[in-house]
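This briefing covers selected features of a predicted model.

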Amino acid sequence: MVHDFCVIGGGIVGLATAMRLLQIDPGASLVLLEKENSLARHQTGHNSGVIHAGIYYQPGSLKARLCKEGARATKDFCTEHGIAFEECGKLLVASTPLEMQRMEALYERSQQNALKVERLDGTELQRREPNIGHL
Ligand SMILES: Cc1cc2nc3c(=O)[nH]c(=O)nc-3n(C[C@H](O)[C@H](O)[C@H](O)COP(=O)(O)OP(=O)(O)OC[C@H]3O[C@@H](n4cnc5c(N)ncnc54)[C@H](O)[C@@H]3O)c2cc1C
């Protein structure tokens, strides 16, 4: 049998590629080949489940741009398909002067990447997250 497209691998990359191909060309026939008995059996089904914001990426880089666009697209996809996701934020903690310096650099980077980031001191963190323990 002849198909217009053949995608190999039923992880998130193969599935997203297949979906996009069919969006671009709705009449096309596509076959997706997966060696396991079901989809997402490897990395896609075994990751940390985080929608990354892209705080660590070099401002202006392709990675930073794609990470931001990907986060938006992932949330839109989940909303459209009724898939629950949580926007709980991420807490980065510095506990030494050197880590404080690095945190400042990360803060600058986050601003250049136009990410919403708040700086908290120990008192404010403890007020918001009382279960976090003594700092
Ligand atoms: C520990 C860890 C945590 C991570 N946490 C996150 C996270 O929190 N957030 C995030 O965004 N990313 C995270 N990632 C990265 C993310 O999980 C991967 O980038 C993503 O799942 C890769 O998807 P993939 O489709 O390329 O690969 P896979 O999910 O591995 O899919 C490849 C598929 O191809 C199939 N295949 C391989 N060879 C053949 C063949 N010859 N014929 C047919 N089928 C074949 C495999 O069976 C598999 O189903 C994490 C990665 C790791 C290692």
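V93 sits in the loop that runs between α2 (62-80) and α3 (97-112). The model is predicted, and the points below are grouped by topic.

**Surface patch**
- V93 belongs to a nonpolar patch on the surface, together with L91, L120 and I132.
- The accessible area of these four residues together is about 320 Å².

**S110 in helix α3**
- Helix α3 contains S110.
- S110 counts as buried because its relative accessibility is 0%, and the cut-off for buried is under 20%.
- A polar contact of 3.3 Å joins the side chain of S110 to the side chain of Q111.
- With neighbours within four places in sequence left aside, S110 is in contact with I55, L115 and V117.

**Ligand surroundings**
- The ligand is surrounded by 18 residues, and the closest are V13, E34, T44, N47 and V50.
- V13 places a polar backbone atom 3.0 Å from an oxygen atom of the ligand.
- K35 has a backbone N or O atom 3.2 Å from a nitrogen atom of the ligand.
- In N47, a polar side-chain atom lies 3.0 Å from an oxygen atom of the ligand.
- On its own, the ligand has 1,000 Å² of accessible area, and the protein covers 58% of this.

Notes
Residues are numbered from 1 along each chain as its sequence is written. This is a predicted model: local features need pLDDT of at least 70, side-chain atom pairs count only at pLDDT 80 or more; totals for chains, interfaces and linings use all residues. Side-chain values use heavy atoms; hydrogens and water are left out. Patches are made of residues with over 30% relative accessible area and no salt bridge: like charges are joined within 9 Å, nonpolar side chains (Val, Leu, Ile, Met, Phe, Trp, Tyr) within 5 Å. Accessible areas come from the Shrake-Rupley method with a 1.4 Å probe; for residues, only the protein chains shown count as cover. A salt bridge is a side-chain nitrogen of Lys or Arg within 4 Å of a carboxyl oxygen of Asp or Glu. Helices (H or I, at least four residues) and strands (E, at least two) are DSSP runs, numbered from the N terminus. Buried means under 20% relative accessible area, exposed over 50%, partly exposed in between (1.4 Å probe, protein chains only). A polar contact is a pair of N or O atoms within 3.5 Å; within protein, one must be able to donate a hydrogen and the other to accept it, and residues adjacent in sequence count only if both atoms are side-chain atoms. Contact means heavy atoms within 4.5 Å. A residue is near a molecule or strand if one of its heavy atoms lies within 4 Å of it.
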